[in-house]
Amino acid sequence: MKYLSVADQLLIFSRYIGQQVMIISLLNNSEINIGTLIGVKHNAIAVNTDGIIRWIPLYDNFKLCEIKLLLKPLKKLTPDIVSVANDLPVKAFITPYYQQQGYDMPVFLEPGHPCNCKYVQELQLADYRTPAEIYRQNALLHAFESA
């Protein structure tokens with residue numbers, strides 16, 4: 001993966017406010033929490049998990065958590081969503097509309113950035129699984145490890 005600074009990550013996350021995120025604690029035995037991304041500031045994201053809002057700080061030199069947006073691949077676009085997008089008054093609104101609907105879109109960070117035109121999942125900031133799939137796979141993994 002190409003290097004993404006915290007500022008780059010926050011720029012990407014800011015485009016997906018309202019989407020679900022998976023947080024894997026690197027300090028707490030890889031505990032998985034799923035919540036809704038509700039805010040971004042210069043060095044942290046805000047996540048609502050079961051009615052509890054917490055700010056998760058991000059640092060360039062170390063990680064406290066693995067954070068991934070739970071998005072849908074573009075191949076799952078429905079004809080209805082495409083139709084609504086094509087009817088938007090300005091074509092530049094199509095990408096933000098797809099992002100608002102939870103679809104993974106190629107990113108643009110700044111001219112010449114090596115991560116431009118990569119999907120969020122390619123940058124290891126998204127997962128295409130549903131929360132149910134994540135919890136099921138995690139339960140299977142823990143059952144296998146304890147056997």
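**View A. Asn-116 in the loop between α3 and β6.** Asn-116 belongs to the loop that runs between α3 and β6, where helices (H or I, at least four residues) and strands (E, at least two) are DSSP runs numbered from the N terminus. The structure is a predicted model, in which local features need pLDDT of at least 70 and side-chain atom pairs count only at pLDDT 80 or more, while totals for chains, interfaces and linings use all residues. Residues are numbered from 1 along each chain as its sequence is written, and side-chain values use heavy atoms, with hydrogens and water left out. With a relative accessible area of 15%, Asn-116 is buried (buried means under 20% relative accessible area, exposed over 50%, and partly exposed in between, with a 1.4 Å probe and protein chains only). The side chain of Asn-116 reaches the backbone oxygen of Glu-110 at 2.7 Å. Leaving aside residues up to four places away in sequence, Asn-116 touches Val-107, Phe-108, Leu-109, Glu-110 and Pro-111, contact being defined as heavy atoms within 4.5 Å.

**View B. Gln-124, a residue other than glycine with a positive phi.** Most residues other than glycine have a negative phi. Gln-124, by contrast, has a phi near 65 degrees, and this residue lies in the loop between α3 (94-100) and β6 (126-127). Its relative accessibility of 42% means that Gln-124 counts as partly exposed.

**View C. Asp-50 in the loop between β3 and β4.** Asp-50 is found between β3 (44-49) and β4 (52-57), and its phi is positive, at about 55 degrees, although Asp-50 is not a glycine. At 75% relative accessibility, Asp-50 counts as exposed.

Terms used
A polar contact is a pair of N or O atoms within 3.5 Å; within protein, one must be able to donate a hydrogen and the other to accept it, and residues adjacent in sequence count only if both atoms are side-chain atoms.
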